[in-house]
Amino acid sequence: MNTTSPREDGPYGTDDAPDPAPGRVVLLTTSHRVAPGLLSWPAWQALRAADRVLCADGAHPQLPYLREAGTAVEEAAPTAQELVDACAGGRTVVVVATGEGEPHLTDGLARLAGSGRVRMPELELLPASYDLPGARLLDLVQVMDRIRAECPWSSRQTHEGLAKYGIEEAYELVEAIETGDREELREELGDVLLQVVFHSRIAEDDPDTPFSIDDVAGGIVAKLIHRHPHVFGDETATTPEEVKEHWLRTKAVEKQRTSVTEGVPLGQPGLALAAKLSSRVRTAGLDVPLPKGEDIGYELLAMAAHAEAEGVDPEAALRAAARAYRDAIRTAEATGRQPTG
């Protein structure tokens, strides 16, 4: 005589008695940074072979594309036990994970498996789409969009108001490079990147000549390809000098400048400005004597030009000397040395 009580079928249960084939659960994860519908072949195979496909989020971006491909998707959020029951009889159930990754469901399945009282189906985590390199930049753009729309400070910012922050962040990046702090370098690169994304988002609101971060990225991509014909074209370059020659030649064609001084920002630090002008003159093969004067500025100009000609960045050299001076000051302070005079 059968002494076991028959089990009623629930919404996910299938059999009255335990089945020796516990079935299979496939947790299908997708990246929101990849266009919906672009899934891996193993993912499409799992979806087509599944007995049931479930998704707790009726607004999941993948659902219209799955249904268009002929995959029936049920909007359902089963418990762990209900999901195990749905697999009874050797069935395969695919769960299309939401953006949070179904932590409640996976935690519940782990508890059932750990209890030792439930025969668990085969569990598989199947990534259906992967992030490409640079995919997190999409997150940055989305975050910036929301901040621009909802933050009382950010929504009022202008290019002019943010200009000083761009200068500050660039200096902090240079300092991180010079100190060799890798963690600081990563953070400062992010701060510089924020300036680019922020300005691009502000530009979208311009009523006359708007542009977006895609326009910015598209412009620099086109420039890089055009200025690297030895990489993307038929020309060859085997040395850094030949690469620089390609760069300068293509840049000259693009800009059609009437003076080598065009494009040199006068707002940069003095030593860097002097070195840049000297470099432009030397590269163009011009014979322009340095101006003479009694002011110390002319002496600094001559020193900067000499350093540039020797392949030394005078701005970086002065910063290195200044850091050494700072360390000497701190040493003097630590030892209690009294000022002289």
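Helix α1 (residues 41-49) has its buried residues covered by several elements, including β1 (24-29), β2 (52-55), α2 (63-68), β4 (92-96) and β5 (122-127). Helices (H or I, at least four residues) and strands (E, at least two) are DSSP runs, numbered from the N terminus. Contact means heavy atoms within 4.5 Å. This is a predicted model: local features need pLDDT of at least 70, side-chain atom pairs count only at pLDDT 80 or more, and totals for chains, interfaces and linings use all residues. Residues are numbered from 1 along each chain as its sequence is written, and side-chain values use heavy atoms, with hydrogens and water left out.

Which residues of α1 are buried? They are A43, W44, A46 and L47. Buried means under 20% relative accessible area, exposed over 50%, and partly exposed in between (1.4 Å probe, protein chains only). Seen down the axis of α1, the buried residues fall within an arc of 160 degrees, so they line one face of the helix. That arc is taken from the directions from the helix axis to the C-beta atoms. On the other side, W41, R48 and A49 are exposed.

Now take a helix pair. Helix α11 (residues 270-284) packs against helix α13 (residues 314-335) at an angle of about 150 degrees, and their axes are 8 Å apart. Axes are lines fitted to C-alpha atoms, for helices over the stretch in contact, and angles run from 0 to 180 degrees between N-to-C directions. The two helices are therefore roughly antiparallel (over 145 degrees). L271, A272 and A275 in α11 meet P314, E315 and L318 in α13.

Conventions. Angles under 35 degrees count as roughly parallel, over 145 as roughly antiparallel, 65 to 115 as roughly perpendicular and the rest as oblique.
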